[in-house]
Amino acid sequence: MVFPNGTVALKEANLEVAPGEFISLIGPSGCGKTTLLRLLADLIQPTSGQIRIGGKSPEEARKSRAYGYVFQAPTLMEWRTVLANVMLPLEIMGFPGPERRARAEKMLALVGLEKFARHYPWQLSGGMQQRVSIARALAFDPQLLFMDEPFGALDEITRENLNLELLRLWRETGKTIVFVTHSIPEAVFLSTRIVVMTPRPGKIETVIPVDLPQPRTFETRETTRFFELATAVREALRKGHGYEVAE
Amino acid sequence: MKKWTVFAVLACFLVGSLAGAQQNLIKVNLQLKWFPQAQFAGFFVAKERGFYRAQGLDVTLLPIGDQSPIQVVQSGAADFGTTWIADLLTARERGIPVVHIAQIFQRSGFTLVALKSTGIKDICRDMKGKSVGVWPSGNEYPAVALFRKCGLTSSLDPRATNPDVTAVTYPFDPALVFPDKVQLVSAMIYNEVNQIAGLGYDESKVDIFKLADLGINLLEDLLFTTERVLNDRNFKGSGLTGRQVAARLIRATLQGWNWAVANQAETVEKYVLPVCGNTCKGSGTRADAKEHQTWQMAEVAKLYNAGATTKGWAGFLVPADYQASVRLLREQGILTRDPPAATVDYGPWELATGKRARDWK
Amino acid sequence: MKGWSLLVMGFALQIAFIVRWWKEVEVAPLGLRLLIALGVLLLGVGLARVAAQFAHARNPLLGFTPAALTLLALLVTAEALLRAYQVPPGLVPTPTRVVATLHGVRDVLLQDAYQTVLKEALVGYLIGCSLGVLTAFLVSRYLFLERGFLPYATLFSSIPIVALAPVLVKMVGIDWPSKAAICAITVYFPVVVNTFRGLTEVSPMSLDLMRSYAASEVQQYRWLRLPNALPFIFNALKLGTTLAMIGAIVGEFFGANGQGLGFRIQIEAGRFGFDIVWAAIIVASAVGIAWYGLVAWVERRLTGWHVSFRNG
């Protein structure tokens, strides 16, 4: 990936993701992890290289509505109620009225917000808003979920609760998730594999499989294996001198 | 040595008297009713030929702005002004203490003009449902009086719903509304009549109704001031009373008018054309300032040289004419009561001319 | 309760003087004028105390009471002073005279309002607003318009377009369409600029979101840009009601067809009929406030979600 001004954002990024996996991309700021995710989602185009999603190009995948995307901020429409926000993609995609409603209500129940259907986004906390945005991404039932540091702006407690909830969702829906984070514990706790990236130019340093047993709980974070994996990730990051680079 | 001293003393005298003359001139603002044009020829002559200066006055002639002359004089921005009698009397009735001090024009020059093709032959009979063009700010009274006399209501009357005659206001140029928007348009005999002719509607194509002929003989250009000015014991610190200043102003103004009427060509050339800008040319084919103003000067001279003026009483408000104007305005409900006696003050005119009003026969 | 008694005494004093001096034509003697001054003092202190009582009123009607009382006190005091000093009605008419005139000439003023508001201001407003919104859509869509046109629109929206009134009256004529044209132009530019801001000030993430849904451009406008622009549009629509009223009234000053509030104001100001002028101003203000209120009401219905309407 080379930007028009010549900056190389991403260089060596060879990666294959199997269906049902939970992949985390981790690295310091500027390592190209968000860029990689946006390339996968066809929000930007690569200058060279090849990406296939279920055999399709990213553009074809986007146009066939193959993925849901969760942004760093909830990005809810402030003029719509919580329920109407979850229905938004369904309206755009032309789902019939009654089905829209049924699906949206089901998704809200899935994230535990059915009681807030009639509220407006500003009446919800940041964590709740991000749960609405996850419900919205799942509403049209895409097989693939891209998540770009969705919990980065939340406090530690909320974040750990949402991590647990996300894992439950992942188990219940069987989606493939590609998750960008800069938090080592979060990556270790959530993922089946961790892709460690290093900056300037961004490249994949190593891929670390996570063999923590499922289902994971709050106690998982206190196991020795969790610490070993976290240490492995940290050392991989240090090896790429990623820690030196700050923006 | 002696020669030099004499010279120095003389020089001092000269400078001193010049400076003194500058200092002793009394600053007077006079608000004209319209833009500079031959209608005010006498004022321009009095100023430029030094008649005002000879009376110790430094007169500034103000062209019309967005306020009526009465508003300007009432506010104190001008000390004296020219306006029409209906405007003056209605303002007086509403409590504005304005005072008539000299009558410049002895006859009315207000006309209404219609295209012959409109078929308007008798205004009273034919104007129902038609439109008339008027200038606002007190210039609409002659037309209002005429329609009232005819028994027609007009949209100038705030108490008439669905009026018989629609009054259209427009700024200055009759070409804005005539003949497309209005069937009848206000025109001064000395100005707009020629402008309309210049638009291609000369005397063969239009009928000109003189309001005086229709029984609406309301006096026009007159000099007025306020009670405040007249009763001033020391006008702007000059040592003269307001009354004395008014008398001097009248004296020089009449002098200017007499000169202008006697020397019309020179007046237009030297004193009117240099002060009048874009607004003093005619319209269309007659859009030539000199031609239009020469014609206007002749027409205006007829209004000045009439009535009392012909008997050597220029500037005199003939009591019978005044009473006729008051009676007309009262009959048509434009005035609800007779104006107080203080509305007309012959004092300054008497002081200026040495005549006495009660000697008028 | 003490504030109330002061207030009642103040009003009583002023009204007693007005009744006493109703038919007089002389300037009131010093003693009576001092009584008016005392009345003003009582009203002032009384109002201050009463207003303090209402400071925490929840009911909006109750909260409005001090303002209404202040207006009433001002009117009564003005009436008393104008009568005490025998100010000519050709300069400042007394409030009672204005009210009586308002009642007397109400039919003509309603006709005038019909001409000025429904024909000139409203037609111009509707044309200006719809063209403005349409233009903003095009400008937000085509970059060359944003570069080539928007700077002028921004410039024009911050200068008093009403100065064009005499030119337009001369160009379009003295009938109502020239005034509608003035209103349309004065309203147009603020609507363009505000609507454009509303259509374009959307977060890049929202745009990415729409892209991830493979939303078409029409869908992007329908679901994202237009709703986002509504509060901006309504700001311009509310401002537009005021601009349109000003445009219509001022436009009539430069030529009118025998009707209209501006025509009436101009004619009557020229002949010192200030009671009618004030009556016309009252009608214009009432209509202007009602119109603004109507647009604000629609705004509340359509954009009740907006941050400016949140309370807790």
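UniProt, in an unreviewed entry, lists residues 38-266 of chain B as "domain: SsuA/THI5-like", and UniProt positions are given here in the numbering used for this structure, with feature names shortened and annotations that may be inferred rather than shown by experiment. Over residues 38-266 of chain B the chain is 34% helix and 20% strand, with the end C-alpha atoms 12 Å apart; helices (H or I, at least four residues) and strands (E, at least two) are DSSP runs, numbered from the N terminus. This is a predicted model, in which local features need pLDDT of at least 70 and side-chain atom pairs count only at pLDDT 80 or more, while totals for chains, interfaces and linings use all residues. Residues are numbered from 1 along each chain as its sequence is written, and chains are lettered from A and ligands numbered from 1 in the order in which they are written.

**Domains of chain B**

- Chain B is divided into domain 1 (23-107 + 219-359) and domain 2 (110-214), with bounds that come from an automatic or database domain assignment.
- The centres of domain 1 of chain B and domain 2 of chain B, taken over C-alpha atoms, are separated by 26 Å, and the contact takes 26 residues from domain 1 of chain B and 20 residues from domain 2 of chain B, where two residues are in contact if their C-beta atoms, placed from the backbone, lie within 7 Å.
- On the side of domain 1 of chain B that touches domain 2 of chain B, α5, α12 (289-304) and α13 (319-331) of chain B each supply at least two residues, and the largest share, five residues, comes from α12(B).
- The residues of that side of domain 1 of chain B divide into nine nonpolar, twelve polar and five charged, where Ala, Val, Leu, Ile, Met, Phe, Trp, Tyr, Cys and Pro count as nonpolar, Asp, Glu, Lys and Arg as charged, and the others, Gly among them, as polar.

**Where chain B touches chain C**

- The contact takes 26 residues from chain B and 27 residues from chain C, and the elements that give two or more residues to the chain B side are α5 (85-93) and β7 (166-169) of chain B.
- Strand β7(B) gives the most to this side, with four residues, and by class the side of chain B that touches chain C has twelve nonpolar, ten polar and four charged residues.

**Chain C in the UniProt record**

- In an unreviewed entry, UniProt places the feature "transmembrane region" at several stretches of chain C, including residues 61-82 and 122-143.
- Residues 61-82 of chain C are 100% helix and 0% strand in the model, with end C-alpha atoms 31 Å apart, and residues 122-143 of chain C are 95% helix and 0% strand, with end C-alpha atoms 32 Å apart.

**Where chain A touches chain C**

- The contact takes 18 residues from chain A and 15 residues from chain C, and the elements that give two or more residues to the chain A side are α2 (58-63) and α3 of chain A.
- Helix α3(A) gives the most to the side of chain A that touches chain C, with three residues, and by class that side has 13 nonpolar, one polar and four charged residues.

**Inside chain A**

- Helix α3 (residues 82-92) of chain A also packs with helix α5 (residues 126-138) of chain A, at an angle of about 30° and with their axes 7 Å apart; axes are lines fitted to C-alpha atoms, for helices over the stretch in contact, and angles run from 0 to 180 degrees between N-to-C directions.
- In this packing, Val82(A), Asn85(A), Val86(A), Leu88(A) and Pro89(A) in α3(A) meet Val132(A), Ala135(A) and Arg136(A) in α5(A), and by class the contact has six nonpolar, one polar and one charged residues.
- Chain A is divided into domain 1 (1-66 + 143-247) and domain 2 (75-141), whose centres, taken over C-alpha atoms, are separated by 25 Å.
- Ten residues of domain 1 of chain A are in contact with eight residues of domain 2 of chain A, and helix α6 (residues 156-173) of chain A supplies the largest share of the domain 1 side, four residues.

**Confidence in chain A**

- The mean pLDDT of chain A is 84, and 91% of its residues reach 70 or more, pLDDT being the predictor's confidence in each residue, from 0 to 100.
- Over residues 1-8 of chain A the pLDDT stays under 50, and the model has ten contacts beyond four places in sequence for this stretch.
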